[in-house]
Amino acid sequence: MIGSSLTTLLLLLIAHLAGDFLLQSAAWVRDKNARRQRSRALYLHAGVHGALTWLVFISSQSLATASLGAAFIAVTHLVIDAFKSHAPAEHVRYFVIDQALHVSVLVIIWAWLVSDGAWLGHAVAWLLHPRTLLVALAYLIVMRPFSILIALIMRRWSHGVDNSGTLADAGARIGMLERFLVLTFVLADQLVPIGFLLAAKSVLRFGDLREDRDRKLTEYVLLGTMLSFSLTLTLGILIAHWYAAL
């Protein structure tokens with residue numbers, strides 16, 4: 001039963017992605033943003049989602065259940081998109097909030113009409129398992145705490161470096177992404193991609209050494225990179241051994 005209900009949830013998510021990103025034209029998006037709740041495209045778009053939801057439900061549920069689920073998804077999708085049309089389209093946070101609301105509605109309708117509730121117990125047990133908490137702790141550490149630690153260590157060299165031509169906060173964001181990747185590779189027991197990642201970044205930065213004015217900045221970045229990789233590798237290996245012992 002759990003496998004069947006999970007299949008329905010996955011189909012609902014696929015239908016949502018198809019409706020939002022494959023079956024919605026750029027003209028519809030522009031019309032919704034311009035005319036908002038008066039937009040004909042808004043109602044057509046909600047209807048597409050309702051139809052896709054109905055097709056998912058009708059394969060395993062009764063006609064009444066499929067129709068109820070489709071109507072619920074269509075109405076809620078319309079309301080969410082109507083509110084989103086008033087938000088600035090270029091802000092990432094509104095896109096994330098919009099998609100989170102849509103997915104939450106899908107999970108709610110799935111839990112209401114399809115699931116027997118057993119999945120909730122399994123999900124809670126998995127979230128509270130020591131291994132899950134250990135991995136979550138590791139990812140939290142390599143993000144903000146390690147960023148602060150590396151910045152404090154590198155402060156003694158930062159005054160002599162000209163970084164006026166770099167993007168604001170780009171280095172910190174790149175560091176977070178590379179530590180996320182390194183930790184993921186270590187926990188997956190895939191160390192080879194880490195070498196490629198380090199080599200790619202080293203080649204990229206050493207390519208700037210033909211300009212003497214960039215030498216200090218290049219050495220500063222590489223020093224920070226080695227420090228970032230070393231800390232993350234050490235933490236990842238410790239977490240991996242601890243994970244295996246649980």
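# Exercises on a helical chain

In helix α4, the buried residues are T65, A66, G69, A70, I73, A74, T76, H77, I80, D81 and A82. Buried means under 20% relative accessible area, exposed means over 50%, and partly exposed lies in between (1.4 Å probe, protein chains only). Helices (H or I, at least four residues) and strands (E, at least two) are DSSP runs, numbered from the N terminus.

The model is predicted: local features need pLDDT of at least 70, side-chain atom pairs count only at pLDDT 80 or more, and totals for chains, interfaces and linings use all residues. Residues are numbered from 1 along each chain as its sequence is written, and side-chain values use heavy atoms, with hydrogens and water left out.

## Exercise 1: The overall fold

State how many helices and strands the chain has, and what share of its residues is buried.

Solution. Step 1: the chain holds 11 helices and 0 strands. Step 2: its pattern along the sequence is accordingly written α-α-α-α-α-α-α-α-α-α-α. Step 3: of the 246 residues, 32% count as buried.

## Exercise 2: Annotated spans against the model

Compare the UniProt "transmembrane region" listing with the helix content of residues 6-29 and 41-58.

Solution. Step 1: the unreviewed UniProt entry lists residues 6-29, 41-58, 64-83, 95-113, 133-154 and 220-244 under this feature. UniProt positions follow the numbering used here, feature names are shortened, and annotations may be inferred rather than shown by experiment. Step 2: residues 6-29 are 88% helix and 0% strand, with 31 Å between the end C-alpha atoms. Step 3: residues 41-58 are 100% helix and 0% strand, and here the end C-alpha atoms are 25 Å apart.

## Exercise 3: Helix lengths

Solution. Step 4: the buried residues of α9 are G175, M176, E178, R179, V182, L183 and V186.

## Exercise 4: Salt bridges

Find the salt bridges and describe the surroundings of each partner.

Solution. Step 1: a salt bridge requires a side-chain nitrogen of Lys or Arg within 4 Å of a carboxyl oxygen of Asp or Glu. Step 3: D81 pairs with K32, the closest N and O atoms being 3.1 Å apart. This pair links distant parts of the chain, with D81 in helix α4 (residues 63-84) and K32 in helix α2 (residues 26-35), 49 residues apart. D81 is buried at 7% relative accessibility, and K32 is buried at 9%. Step 4: K84 pairs with D98, with 3.8 Å between the closest N and O atoms. K84 in helix α4 and D98 in helix α5 (residues 92-113) are 14 residues apart, and the pair again links distant parts of the chain. K84 is partly exposed at 33%, whereas D98 is buried at 4%.

## Exercise 5: Aromatic rings

Classify the geometry of the F72 and W112 rings.

Solution. Step 1: rings of Phe, Tyr and Trp (its six-membered ring) pair if their centres lie within 6.5 Å; planes under 30 degrees apart count as stacked, over 60 as edge-to-face and the rest as tilted. Step 2: the whole structure has 3 aromatic pairs. Step 3: in the pair of F72 and W112, the ring centres are 6.2 Å apart and the planes stand at 70°, so the pair is edge-to-face. Step 4: F72 belongs to helix α4 and W112 to helix α5, so the pair ties together parts that are 40 residues apart in sequence. Step 5: F72 is partly exposed at 30% relative accessibility, and W112 is exposed at 52%.

## Exercise 6: Positive phi values

Locate R36 and D189, and give the phi value and accessibility of each.

Solution. Step 1: R36 has a phi near 55°, a positive value in a residue other than glycine. R36 lies in the loop between α2 and α3 (40-58) and is partly exposed at 33% relative accessibility. Step 2: D189 has a positive phi of about 60° although D189 is not a glycine. D189 is found in the loop between α9 and α10 (192-206) and is exposed at 62%.
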